[in-house]
Every structure is written in structure tokens, then in C-alpha cells.
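Take a moment with the sequence and the model before reading on. This report goes through the fold, then some of its details.

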Amino acid sequence: MDAGALRECIGSTLSANADIRRQAELQLRAAEVQKGFVAALTDIVSSDPDVNLRHSAVIYLKNKVTRSWESNEEWPKIPPIPDDEKAILRERLVPTLASAPPNIRQQLLQLIGKVLHYDFPERWPSYMDITMQLLNSNDIGSVFAGVQCLLSLTRVYRFKRDSDKREELDRVIQATFPIILPIGNRLVEETSTEAGDMLKMIIKTYKHAVFFELAAHLREESSIVPWATLFIKVVQKEPPVESMAEDLEDREAHPWWKAKKWAYSNLNRIFVRYGNPTGLSGSSSETYDAFAKGFIENFAPEILKAYLQQVELSVSKQRWLSKICLSNIIAFLDECIKPSATWKHLSPHVDTLISHVLFPLLCQSDEDMEMFHEEPAEYLHRKINFYEEISAPDVAATNFLLTLTKSRKKQTFTILNFINGVVNRYETAPDQEKNHREKEGALRMIGTLASVILGKKSPIADQVEYFFVRHVFPEFRSTQGFLRARACDVLEKFAELDFKDENNVVLIYQNILQCLNDPELPVRVEAALALQPLIRHDYIRTSMQQNIADIMQRLLKLANEVDVDALATVMEEFVEVFATELTPFAVELTEQLRDTYLRIIGDVIEKAQQGNNDEDSENYLDDKSITALGVLQTIGTLILTLESTPNVLLHLEQILIPVITITLEHKLTDLYNEVFEIIDSCTFSAKAISPTMWQIFKLIHRSFKDNAEIFIEEMLPALDNYVSYGHEMLRQQPEYMEAIFDIIQTIFTNDRLGAMDRICGCKLAETVLLNMRGHVDRYLNHFIEIGMQCLLAKCDIKSYRVHVMEMVINCIYYNPAATLQVLESQGWTNKFFSLWFSNIENFNRVHDKKLSIVAIVALIQLPPEQVPPSIQPGWPKLMSGIVSLFQTLPLAMKNREEISKESLSYEDSYASDSDNEWDGDAAWDKEGEDGLDEVDVPDESAAYMEFLNSEAQARSGIDFSSFDDDDDDMLEEETLLETPLDLVEPYQLFRGALLGIQQTQPHVYEALTKDLSPDEKNMITSVFHEAEAKEQEAARTAALGPATMSNGA
């Protein structure tokens, strides 16, 4: 490898000239396969005098290792790095790290982590020796490198839970932790940034080591005491002056504040995961019970004390706390609520915490106020999706209040008394002295507790209406926009409240409509979100019918002003609830939804083309995609409401072409499900395929062939419609039918697709064979071959096996003589019939039974000369098979009917959360009187885990080998499945066929029936009686039809 040429090439990648950069990158790719490339690259990283060149080289080296350290499915064409070059790189990595500047180190650490993942310990046993040498060095730079090496190693193990890997990690911990603990204790007494950085890494190393398990040696007092003491020291340490930058973001990013963050995090994790007896379940209870009992009595109170001291310093403005540190403190206090051992230490401080810590966090900050006016869209994302901000202190405060009121119910009154104090003070203050932020914070606080306040048997639910009238309604007319927005939000939170005074419902509706026209964007959005749950009130729903078109226009305008996915949910529900009223506006509404979608997707495409892979870009794309998905769902719902207006549907199809086209052409796979649902809805509702949708079909086929085959399950309903409702066009245009067959064939030959995907292929083939009888002869042989090759291969999944068999059975029904001829020519006849009839009990759906019945009826009507000699001896067994199917058909039909009824009443079977929350617990004001305040509150999450563990243990003693390997894989009834078989009446079909054989081919009839048992003959008689009954019923219905029509006229 020419090192000079490589250096020059890397230098060219930094050129401002795009053409030079592009050429250099091509040369680098070509050089990758040359021997010595990795070593030459490492030389540049280690010692080149040009820092920028070194940085570029280390990034390229890291990417090279990521792509080709091992064979990689993501980059299958890139050959792996040769073993001899790997050995050279492993040998040089740590020495290079020890002497590298910080920006190079950061990249090298990621590279080392990747190599460790694959090679430690088997192929890199010396790594631990080097790390130990560095840690024991007297040179601070070497120790720093040793700490970094250890952190990289523990990071690799953090998600590995199998026992062998845990043993490896334990050996590493036992060798290194006695060394790094004293280093950490020395560092905590220092103030330099470098000391803070190294201390941060030591604390993070501990975090990775205890992420899933706290090893026995780490639970010993000789280990847990000094480590916990170190973390508490870090928590309590006065922040060094250089860590207190003026810019708060810079301050939070400083190594000392990062060290504090991870110290809090470690103390919290030890308590929550291992040190709280009420949170343990199953095997973890056995492992950690003794440790947890000691920890919660001896350590948790000390941690709580240290945290409360930090809170006190923060409240008194003596110490600043970063957001994540404050969040960690509140999260720990939250965990201290349920166990009595910690609650007794926490409870004396609750009043102070509510008034001086939690409440201020729930009030608008200066940053919030600025954002409300300057960046209202960002304000909405922060306030509506605030649970996404996991490090936000107000989220932790909200969680604390919910845990407190649910677990220690009498505290609800403490909080409500505090809220009343705030709102009463606001009410009585002169206008110029009213504290609007406090009022808004109080309303946010009570909104947070809505599910608790409205819980079953709540003694305070009946007082909420008065609170609304007195303290919420006036804020709809507040001079402060953020207060008007909060009034809407509180109304949404208490949507389940049943107002006794109908005038208040009227007032609510009027205020919400007024807020929909508010000059402030957040107010308009909050009003829209509040309106959705309020349609449960008859007055509001009836009133909205009169002006729903206007309301939808406002919602669409909002959706174009801000991307809030919750708005799409509101629109979707309104489209469903007010379908009749919106029909006249369907075209205009769809056009606006289309334009909204295209705008959002335009932003997504533009952002994606910029090629930024940072977290902010990913979050931006995720948010946009979720909003776009909501718009698509609204369109889909709108289409389904227009089934009775085919002309409107045709118009909508034209409108939606750009929506479908841009999504498929730009491979926006996150939105494929919804787009294919729209295509399904258009074609299903119209029960026809328009020229517009045939153009879309070409695009679907093109997308399928361009790596979208893995979305066949999402495509299937639409493809089914193309065949079911477009079979005439498929006959006239062979290229369309060829595309359908190509899709089916690809499903069975593409290695990326599995059994469940191939079931989709079976279903699509069935749709073709049932809908195009007599018109797909040229594909019949292929369908038979596909089905038989799958059956003769290993086919363990029952549902897959049944669907593949039905593919061949459909061929028999389509053309029994031709199918038998193909089977016989390949020597498959006996194999198939044996499989079919040995699996006949697995045909448990109505559709399965009817398909087998019609196929058997087709077979028994064949002239004897068309029956292959190889199966003639077993031909009478067809009658036993059909008798068996008729015996079980009534039960299957009854089962389908019951499932259909269940699906209709499915939504009614679920009660709201507030209905279930406090069922049977009315002792809200009794807590404490009987010592209830001193007991542990059960941890619901631990109870759930305990249930899962007990279920697993109960099943572990079962010998599963005694069961059929696919007993749990029964085919479920598909109540919405529609096929031409629905029009076939099996009883009359069979009776007609058998009587016909008896009259025209008596010798065949005799051969078919002579070996039937008395029970089987009785069953056939019953089938005949049922056929006659159905025939008479059909005659009566036909006779009544015209009379009924004439009477109606």
C-alpha cells in the first residue's frame, strides 16, 4: 500500500471542490481492498502531523471496521478485513489511543468498542493486560487511557445477559474496580475539567457493570458502601467554578455535571432495580431480597437525605442544579413513596416539596414564555409531547404527583388544598397583581390529577364542576394566551366529567369555538384537542353537526400551521362521527388533506436529502412521519364513509394520485401501510377498478419489484381487490395478469420472504383461481407446481401448510381433470391426496370446509376415464372426506357467527381507565388512621412481572414434546373475508351433483357409496334434507320478493 498516495487521497476528501472530493472517495474505496490498507490508515491516525488529516483518517478507519470487520449483511459486497491486518490493528489501537488528542480519542473509542464486540476475549486476550498496565501506571495520561479502555469494555457487556458473558464481565470487574475506586476518590477532591472527565468515565463504567445485574461481590458491604459513598460525594460536591459556564447548555454538558448526572443515575438504579424489596419479583426477589432489605433500611435514607439537601440548596438559590440532576432527584423521591421504609423519611417533606419544588416546575418558565410567543410550534411540541422529554424535571414532577395521589391517597387533599390556595389568591388579587404563571401552574397541576380525581368512588369528583365554573371558565377570556391554552387543556383532561348543569356544557362549547379562532396558535390547537373528547356530550355533538364543515376547515388550517399528530387523530374521529354531514364537502376536504400531506412529505424528502444523521434530524423526520401518517389515516377513514357515493370516490381517486405516487416513488416505507390501506379503501368501497387505479397498480408492481416485496402483507388487501373487482380488465389486458402472477411467483422464490409472506401468495393465487375461472389456464401448471414444491419441502407451520394445500385444492376446483393430469405426470397425486385427507381436521374455517367440499364435488363428477389409475382404488374415500366436512360445517358456521357478533361489540367490552382505577377503594380520607400510612404500597409493575414469571415457571414443567408442534397455530375465522365461494350453497351443490351422478352414471354412484358406513349414509341423508330445506326457503324468499316490493309501492 502506497502510504503517501493514501495520505494525499485522504487530504483530497477535505477539499472544498466537490469533484475533487468525489474522486478521492472513489479512489479510497478502490484502495480498501489492497493489502496493507488498514495498517497504512492506522499510521496516519497515530502520527501524522496534520490534525485534520488524522481526524479524517480515523473516521474512515472506524467506518471501514464497522463495514468489514466481519461479513456484514448490510454491506454484503465489501470483503472482510484479512486476519493478519486485524491482528496488527488490535495491537496498535490502545497505544494509539493513549497518545491521541481528544477528538481522535472519541472516534477510536467507538472503533475499539466495535472490535471488542467481535473479538474479546477469544481473539484479543491481551486487551485486559494492556488495560491493567495503563490503570496501574504512574502517568496520568496512561491512567486516563486505561479508564477509557475499561469503559469501552464494560459498554460492550452492558446488554449481554447470558451466564458465560456475565462471568467474563465479573472477572473484569473484580480485577479493575479495586483499582479505579481509589482513583475516583482522589478525583472527586479535585476541580479540573480533566479530573471531572475521568471521574465521569469511572462512574459510567460502574453504570454499565450493574445495568442488568448487581454481581454478588458488588452487593457485599465492602463494595457497595465505598461505591455508594463515592456517588454521594459526587452529588454533594460543590461544582467547580469552571463548570459553571454562563450558557446553561454548555454548563450541563461540562464533565463535572455529567459526572453528577451519572452519580445520581447509579444511585437511582441500584435502589430501583436491586435495593427496593417491593419492586422485586420472581427470580430477582430470591437473588436480591437480602440485599434489598439492607439497602432500603441503611442506604436509601442516606441517599434521600443527600438529595433533599441538594433540593434545599437549590430552592434557597445557593446551588444550581442541571435539569437531568433535578429529574433524577425527583425520580428517586417518586420511588420512595410506596415503600414504608422510605415513605416515613419522605412524608415530612412532602408539603415543602409540593410548594417549593414541584409547583414551580409546573409553572411557565421565562424560556416557556418566550417560546410561547416566538416559537409557538416548538412550544406545542414541548407541552403536548412532554413525556418524550425524559430528562425534563416537569415530567418527573408530574409522575411524582400521580404516584403520590394514587399510592398515598390522603395526599390528594394536601395537593388540592394547595391548588385552592393558589387559585383563590389569584381570584382575590387586583388585576395588576395577579400572578398568571402561578394560576396556570395550578391548573396544570389539577389537570395532571384528573384520572385520580374522577376515579370510582372519588369523594371529590362532584366538586369539580364548581371548580371549573369558578376557576377555569374565566380563563377562556384571560388576557394571557398561555392561560387560555391551559383552560382548554384542563377541559380535555376532565373530558370524562359529567356536568350536572347543562348550561355549563353550552358554555364549554361556546368557549371552545371561540378559542378555535384565538390569535395564539397554542390556544387554537389546545381547543381542537379538547373538542374531540367533548363530543360525548349530546349537546356538543348535535351542535357540531350544524357547523362541522367550518370546524374541519379550521382543523385543516391548523394542521398546515403546525405538525401535531394529535390533530390528525381529531380530524379522523370527526370524519367518522360526522360522516353524513361531511359528505357534501368530501372532495374539498380530501384536496386539503392531500395538500397538507404533500407539504409534510416535501419537508421530509428535503431533510432526508441533506443527509444529516444526527439525533435532531432523526427526531424531526420521525415527528413529520407520524403527522403524515395521521393525515393518511384521516383520508382512509373519509373514503370508507363514502361507499354509497361511487361518483365522489372516482373524484377522490384522482385527487389522491400524488399522495400514493410520492410515497411509493420515494420509498417512504414507514407510510406504506396507510397508503396501501387507502388503495384498498378506494377499490373496496367502489367495488370496481377505475382507469386511475389501474395506473396505480403499475406503480404497486414496480414498487414490489424494487425491494418492497417485504410489504406484501400490507399490499395484499389492495391486490385482492384488483383481482376481485378488476378480473374483466385482467382478462382483456394480459400484462396486468402477468404482473399479478409475477408477484405470486416472486413471493415463493424470494429469500427475504418467509412462511407468513407466502401465505399472502397463497391467498392471492386463490383470489385469481376463484375469480377468473376458465381464464387463467396458462398459469394453472405453475400454481400446482408452486404449491406442491412447498408441500414437499419442510412445512412445519400449520396455517402455512393448510394455505399451501388450499392452493392446490383451488386448482382442483378450477379444473379437476387438468390438475389431476399435472399431479399424475409429476408423481404427486397420491402424495397430495394423502396430505389433504390426513389434514382435513385442520380445515377448521367455514371457507376451508366449503373449498374442500366444492373441490370434492368437482372431482366426483369427473368421468371415470379422467381419474388416474394410481388413485382409483381410493376414489370412494372422497365421500368419507366430504361427509366429515359436512359433519363439522354447522359448528364452524356457528363459530363464525359468534366471532362476527363479538367483533361488533368489541369496543363496548372496554371501560375507561378512570372507571377501573379506584374500583372498590373508597377509603380516601381514612389513610393514616389505621396505620395505613406505614405500610408498603404494592408495586403494580412488580406484580405484573411476578405474574409473568409464575406463568413461565408453571409452563416450564410441561413436556411440550407431547403436543403437536403446531397445535397453537389454528387458522382463525376471517369474518371480513369475501370470495366467490360465499355465493355457493354447499348442501344444494352436493345434493345436485350426487343425484346427477346417480341418474347419469349409476355405476360411479354405486362405487362411491357402497363402502359408506350407516352413519355416513345417515349424514348424507341429513345433507339432502338440509339442501331441500334451503331450496324451499329460497323459493319462499323469491316468491315474497315481488309481493313485498309491490306492497311497498
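## Overall picture

Two residues are in contact when heavy atoms of theirs lie within 4.5 Å. Keep that meaning in mind for the residue lists that follow.

This is a predicted model. The secondary structure of the protein comes to 51 helices and zero strands. The protein has 1049 residues, and 51% of them count as buried.

Which residues of α14 meet α15? From α14 come Ile270, Phe271, Tyr274 and Gly275. From α15 come Tyr288, Phe291, Ala292, Phe295 and Ile296. By class, this contact of α14 with α15 has eight nonpolar residues, one polar residue and no charged residues. Gly counts as polar.

Helix α14 covers residues 255-275, and helix α15 covers residues 282-298. Their axes are 9 Å apart, and the helices pack at an angle of about 130°.

## Aromatic rings

Ring pairs link a cluster of Tyr264, Phe271, Phe291, Phe295, Phe299, Tyr307 and Phe332. Phe271 of α14 also takes part in the helix contact above, as do Phe291 and Phe295 of α15.

Rings of Phe, Tyr and Trp pair if their centres lie within 6.5 Å. By this rule the count comes to 45 aromatic pairs. One of them is formed by Phe468 and Phe473. The ring centres are 6.3 Å apart, with 70° between the planes. The pair is edge-to-face because planes over 60 degrees apart count that way. Are these two residues buried or exposed? Phe468 counts as buried, at 1% relative accessibility. Phe473 is buried too, with a relative accessible area of 3%.

## Charges over rings

Arg67 lies over the face of Tyr60, at 5.9 Å from the ring centre. Lys434 lies over the face of Tyr426, at 4.8 Å from the ring centre.

Thr634 sits in helix α34, which spans residues 615-640. Its relative accessible area is 0%, so Thr634 is buried. What is Thr634 in contact with, leaving aside its neighbours within four places in sequence? The residues are Ala568, Met571, Glu572, Val575 and Leu593.

Met805 lies in helix α42, residues 798-814. Met805 counts as buried, at 0% relative accessibility. Residues up to four places away in sequence are not counted here: Met805 touches Leu791, Phe832, Leu835, Trp836, Asn839 and Phe843. Met805 and Cys790 are 15 residues apart in sequence. In space they are 9.1 Å apart, C-alpha to C-alpha.

Ala1027 belongs to helix α51, residues 1014-1048. Ala1027 is buried, with a relative accessible area of 0%. How many residues separate Ala1027 and Gln988 in sequence? They are 39 residues apart, yet 4.6 Å apart in space, C-alpha to C-alpha. Gln988 is among the residues that Ala1027 touches, along with Tyr987 and Arg991, not counting residues up to four places away in sequence.

## Backbone details in loops

Most residues other than glycine have a negative phi, and most peptide bonds are trans. Some places in this model depart from that pattern.

A cis peptide bond joins Phe120 and Pro121, with omega about 0°. Where is Pro121? Pro121 is in the loop between α6 (102-119) and α7 (126-135).

Lys457 is not a glycine, although its phi is positive, about 60°. Lys457 is in the loop between α25 (450-453) and α26 (464-472). At 54% relative accessibility, Lys457 counts as exposed, because the cut-off is over 50%.

Lys687 also has a positive phi, near 55°, in a residue other than glycine. Lys687 is in the loop between α36 (672-686) and α37 (691-708). Lys687 counts as partly exposed, at 34% relative accessibility.

Methods. Residues are numbered from 1 along each chain as its sequence is written. This is a predicted model: local features need pLDDT of at least 70, side-chain atom pairs count only at pLDDT 80 or more; totals for chains, interfaces and linings use all residues. Side-chain values use heavy atoms; hydrogens and water are left out. Rings of Phe, Tyr and Trp (its six-membered ring) pair if their centres lie within 6.5 Å; planes under 30 degrees apart count as stacked, over 60 as edge-to-face and the rest as tilted. Buried means under 20% relative accessible area, exposed over 50%, partly exposed in between (1.4 Å probe, protein chains only). A charge sits over a ring if NZ of Lys or CZ of Arg is within 6 Å of the ring centre and within 35 degrees of the ring normal. Axes are lines fitted to C-alpha atoms, for helices over the stretch in contact, and angles run from 0 to 180 degrees between N-to-C directions. Helices (H or I, at least four residues) and strands (E, at least two) are DSSP runs, numbered from the N terminus.
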